[in-house]
Amino acid sequence: MSLGICWTSSEVAPFAKTGGLGDVSAALPRYLHRVGHDVRIFLPFYSSIDNRGLDIVEVDFLRHLELDIGLHRTSFSVFTTPLPDSGLPVYLIHCPALYERSGIYAGGDDDAVRFSFLSRASLLCCQHMSWSPDIFHCNDWHTALMPLYLKRAFSWDQLFQNSRTVLTIHNIAYQGIFPERICDQVGLGEDREFLYQDDLDAGILSFLKTGILYADVLTTVSPTHALELQTDAYGMGLQDLLRQRSDHLVGILNGVDYGEWNPATDRVLEHHYSPDDLSGKQRTKLAVTERLGLDTDPRLPLLGVISRLTAQKGFDLVIEPMRQALGAGRIQLVALGTGESRYESAFQGLQDAFPGRAVFHRGYSEELAHLIEAAADIFVMPSKFEPSGLNQMYSLKYGTVPIVRRTGGLADAVDLYNPATGEGTGFLFDHFSIDAFRRALAFALETYADPEAWKRLMHNGMSRDFSWDRQGALYVELYRRLAGHS
Ligand code: ADP
């Protein structure tokens with residue numbers, strides 16, 4: 001039986017994206033629609049959306065609808081366009097007073113109003129469509145008030161009486177914390193008794209915390225992260241609350257779009273390859289090292305890094321061990337990323353110290369990201385925390401053996417190589433320390449020196465399946481349980 005799923009998010013690629021949230025908000029609904037569910041996405045019609053080439057039409061019966069922001073009545077209209085590579089409708093909430101800003105996020109109290117409006121406007125649209133979704137799927141703090149709106153402001157409407165709510169936490173570091181006085185502006189002026197009282201006493205309202213209290217089910221983007229979120233080390237202050245709701249907290253690893261990330265079909269690659277014929281990988285390594293000005297020595301393992309360069313990503317652990325390995329002539333390195341200047345300088349320092357062996361490309365480049373995934377032998381991802389992570393999964397598909405810290409989605413996607421059995425897909429370390437990374441690197445280099453073992457390791461990783469077909473099916477199972485369809 002087909003499910004009705006209302007998806008609300010502040011980001012949906014390609015319309016509006018700053019990170020993984022935008023990707024998931026396109027890929028998962030696309031999968032759900034493809035397997036026959038009635039999915040409708042609601043997104044602000046940001047003035048920054050590039051609408052050239054898009055077929056966007058105004059929805060006749062969703063014109064000049066009204067909602068109150070505090071004492072002010074605000075009018076909005078709705079436009080629709082199909083999600084690219086899918087027929088599913090995206091509904092764009094057009095309200096220039098709120099969404100005419102230079103980017104997706106404006107910052108400050110403005111965002112509390114802008115995103116609470118998205119939740120309320122989506123519910124109003126469902127009413128005008130006479131649509132009762134089985135599931136309202138909210139994402140991160142931006143749409144986390146939706147479960148409470150359903151329980152309060154919209155509870156009079158029988159239309160939603162069987163609807164259930166799912167809130168996915170993509171990144172708990174962002175919680176949507178605003179001054180308590182915002183309650184009136186976001187339509188909760190009459191509902192203060194339903195909010196977290198300690199916070200109100202402290203003069204604040206947390207969108208995410210409210211969502212955690214009221215959503216029927218909470219999910220996050222990997223099973224390991226679902227456990228981590230309940231600990232002091234990772235819960236960012238919400239661990240107690242999440243522990244109380246642990247029976248309703250589920251982790252589902254994000255999926256990979258193999259239409260984009262597959263070495264057999266990759267649009268960026270000149271030399272394609274597959275597990276049966278890896279020669280294209282060698283040729284790509286040669287071409288890429290030449291292009292980047294590295295010495296061409298096919299025997300040396302090429303280490304790859306593609307990342308935002310922030311403390312979260314763990315590069316404090318790798319610079320010294322890499323310097324030693326480069327100095328000893330045991331590795332080559334290609335790093336791509338931008339972020340905090342201390343990490344940019346550290347990678348630049350490696351390039352300066354070891355010309356021909358290390359290269360750092362400061363910036364964001366989709367093309368280079370694909371080339372590095374294909375050319376490198378080893379991918380380095382030593383994150384301090386990683387709710388899901390994508391590059392470790394891309395790397396497995398590209399036969400680029402990952403070295404990762406055992407956290408979040410890295411722990412769930414990579415299995416430690418066991419030389420005795422030949423099983424496993426990569427190298428993991430537990431402690432967030434330079435020595436732990438050094439040992440993992442040494443183990444990887446030792447294994448690389450045995451070509452048969454390495455080939456097996458590559459094959460093991462390349463045969464893993466992290467497609468949305470697999471991961472999306474887990475969401476459908478969850479929705480069905482929640483909607484009482486199973
Ligand atoms: P996060 O969302 O925390 O940045 P993820 O691994 O979930 O980490 O997703 C990051 C995505 O952004 C990956 O697809 C990665 O390839 C891409 N990316 C990050 N930095 C760059 C860069 N400098 N150039 C190209 N792609 C990048």
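The following dialogue examines how descriptions of this predicted model rest on their definitions.

Residues are numbered from 1 along each chain as its sequence is written, and side-chain values use heavy atoms, with hydrogens and water left out. In this predicted model, local features need pLDDT of at least 70 and side-chain atom pairs count only at pLDDT 80 or more, while totals for chains, interfaces and linings use all residues.

Student: Why is Ser77 called buried?

Tutor: Buried means under 20% relative accessible area, exposed over 50%, and partly exposed in between, with a 1.4 Å probe and protein chains only. Ser77 has 7% relative accessibility and therefore counts as buried. Its place is in strand S5, residues 72–82; a strand is a DSSP run of E with at least two residues, a helix a run of H or I with at least four, both numbered from the N terminus.

Student: What makes the pair of Ser77 and His64 a polar contact?

Tutor: A polar contact is a pair of N or O atoms within 3.5 Å; within protein, one must be able to donate a hydrogen and the other to accept it, and residues adjacent in sequence count only if both atoms are side-chain atoms. A polar side-chain atom of Ser77 lies 3.1 Å from the backbone nitrogen of His64. Contact in general means heavy atoms within 4.5 Å. Leaving aside residues up to four places away in sequence, Ser77 touches several residues, including Glu58, Leu62, His64 and Ile93.

Student: Why does Arg114 count as buried?

Tutor: Arg114 has 0% relative accessibility, so Arg114 counts as buried. This residue lies in helix H3, residues 109–128. A polar atom of the Arg114 side chain is 3.0 Å from the backbone oxygen of Ile104. Ile104 is also among the residues that Arg114 touches, as are Tyr46, Leu98 and Tyr105.

Student: How do you know that the radius of gyration of the protein chain agrees with a compact globule?

Tutor: The radius is taken over C-alpha atoms, and the globule rule is 2.2 Å times the number of residues to the power 0.38. For 486 residues the rule gives a value near 23 Å; the protein chain has 24 Å, so the two agree. Along its principal axes, the C-alpha trace spans about 70 × 45 × 45 Å.

Student: What share of the residues of the protein chain count as buried?

Tutor: Of the 486 residues, 59% count as buried. The secondary structure of the chain comprises 17 helices and 18 strands. Among contacts between residues at least 6 apart in sequence, 72% join residues at least 24 apart.
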